[in-house]
Every structure is written in structure tokens, then in C-alpha cells.
Amino acid sequence: MSNKVPINHLRELESEGVFVIREVVSQFENPVMLFSGGKDSIVMFHLARKAFYPAKVPFPLMHIDTGHNFQETLDFRDWLVQETGVQLIVRYVQDSIDKGRVVEETGYNASRNKLQTVTLLDAIEELKIDCAMGGGRRDEEKARAKERFFSHRDEFGQWDPKNQRPELWNLFNGRKNMGEHFRVFPISNWTEMDVWQYILMENIALPSLYFSHEREVFERDGVLYAKTPFLKMKDTEKAEKRIVRFRTIGDATCTGAIESVASSVEDIIREVAATRVTERGGRADDKRSEAAMEDRKIEGYF
């Protein structure tokens, strides 16, 4: 009996992602892989391990920590680092606040999500990083749909969506001037469904937040937020226990939950197939303006 793995669209996406990651290592001197503990960065790291197996991944993971993370995400991050032996670099938004590099927002909708940009750009300059790989996907949001695999950033870390380099076939142009760097997105062509089907196929471990669980939440502007010390509730808002899960994981102050009883990857796949709401529909940071994501990306966001 043949031991060959059957080729399907998931294996094609896997092969594409592995190729892009290998291209990064061949073209850049000091790359890192941005890691949030969310499913997309976990899948991207899984591809990196495949790309260089049986050797270890030849670059570090870097987490920009807002200080407002879900504890489950941090616990999973630390477990994964211990299990795989990969190097982890952590930079903290709180340090940027303490140094006066950024000013913390105030009010009921205050979030540190946007402040990550300065922390990230400072880390890139400090560590002389010439490429930062991210788990962004084109189907997530219209600004991300404009991205190439290799996204050039100028000496200020900024992105010009109208001045991107052509990518013909599988040729990627990583040439840059002093002080410039690249963001690279190995899973650009994946959809949310692709990610979940691949997680099922590869039996990839995930933080428990992605699966249904009981949690204290409150509703604001039609979105369910977890009750945390980081998010100030209004007098008219009341927390109650509900069975929820998270479709996307980010800063706890702007990441919404959904009511769900999906307790397995198979359940989630069925749920995603039936939903008509986008994955980032519960992200408050994307709703601040019509072009919120693009504005952040132009400034140097992930």
C-alpha cells in the first residue's frame, strides 16, 4: 500500500506556506515569526516546523504583549515554547507606555491594540529585524486583501498599499534598502475554513478559548465581551455567565465572543460553514472607522 499523502487543496496551501517560509530564510538575515497564540499564528508555526524538520525552526517567535491578554493564551504560548524548544522574544506595550513612547487610551472603549504598533516597530529597530512573518489572511479584512506575500515596509515601518512589488508565479522580491524591512504572510491565501480543516487534519493543539466554555460576559453594541479587569463596564451593563467561545483571539479589550456549544474542531467547522458573520465581526478595533485596519497597517501594524 502506498504511504503517499493524497494531494488536496489543504496540502497545496501547506506546500505554498512552507515554500514562502523557506524563501524568507533564504532571502533575509534576521527574520522573526510574529506569534499571538491565536490559531493563525499557531498554524503558521506548524508550517515552519514542517519546513525545517528534523532541524529546529531557525528563527525566533516574537510576541508583542499588550498586557491585556487572555491568560489561556499566555499559558498556551509558554507550553508551546517549552514543548518545541523554539526561542521566544517578548516585548511589552506597558514598557512603551512607561517610556512615554505611547499614551494609554482612557474611557470605556480604551484599548491597547493600536499601541502595539510602536512596540513592534521599536523591537524591529532594536533587534535589527529585516523580516517579520505574520499570520494575516486575505479573507479576514479588506485591507489585508491588498497584501502581497512579501509586503515591503519603508524605513519608518510604514506600508504603502499603492506601491507593492509584483509577485509573478512564485518569485518574491526581498530586496530592500538600509533601515527597511518586510512583513511576510505565508498563509495569505487561506480562508478561515481552510485553517480549521487543516487543524483537524493535522491534529494541531489550540488554546481552550476557541472551544465552548462558560464565562462571564457582558454585551456592548451587540458584541459579547469577557468580563476582565482590563475593560471598564458601564453602569447599565451587567455581566452574566454564558456558554461562549472565541473565533479570533486578540487583546481582551476588543475581542468579542460568540454564543456557541462547539466543543470540538468538527463542531467548529460545521459552525463556520453555517455562519454569515465574518471572523473579525466581533473585533471592536476594526469598527473604529471604515478604514480602521488599513489606517493601522499604513502606520506599521501587523
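1. Aspartate 139 has a relative accessibility of 39% and is therefore partly exposed, a class that lies between buried (under 20% relative accessible area) and exposed (over 50%), with a 1.4 Å probe and protein chains only. Its side chain meets that of arginine 137 in a salt bridge at 3.0 Å, N to O, the term standing for a side-chain nitrogen of Lys or Arg within 4 Å of a carboxyl oxygen of Asp or Glu. This is a predicted model, in which local features need pLDDT of at least 70 and side-chain atom pairs count only at pLDDT 80 or more, while totals for chains, interfaces and linings use all residues. Residues are numbered from 1 along each chain as its sequence is written, and side-chain values use heavy atoms, without hydrogens and water.

2. Arginine 137, which is buried with a relative accessible area of 1%, also forms a salt bridge with aspartate 40 (2.9 Å, N to O). Aspartate 40 belongs to helix α2 (residues 39–52) and arginine 137 to the loop between β4 (131–133) and β5 (150–153), so the pair ties together parts 97 residues apart in sequence; helices (H or I, at least four residues) and strands (E, at least two) are DSSP runs, numbered from the N terminus. Aspartate 40 is buried too, at 11% relative accessibility.

3. A further salt bridge joins the side chains of arginine 247 and glutamate 192 (2.7 Å, N to O), and both residues are buried.

4. In the structure there are 18 salt bridges, and Arg11, Glu14, Lys50 and Glu202 are linked in a network of them.
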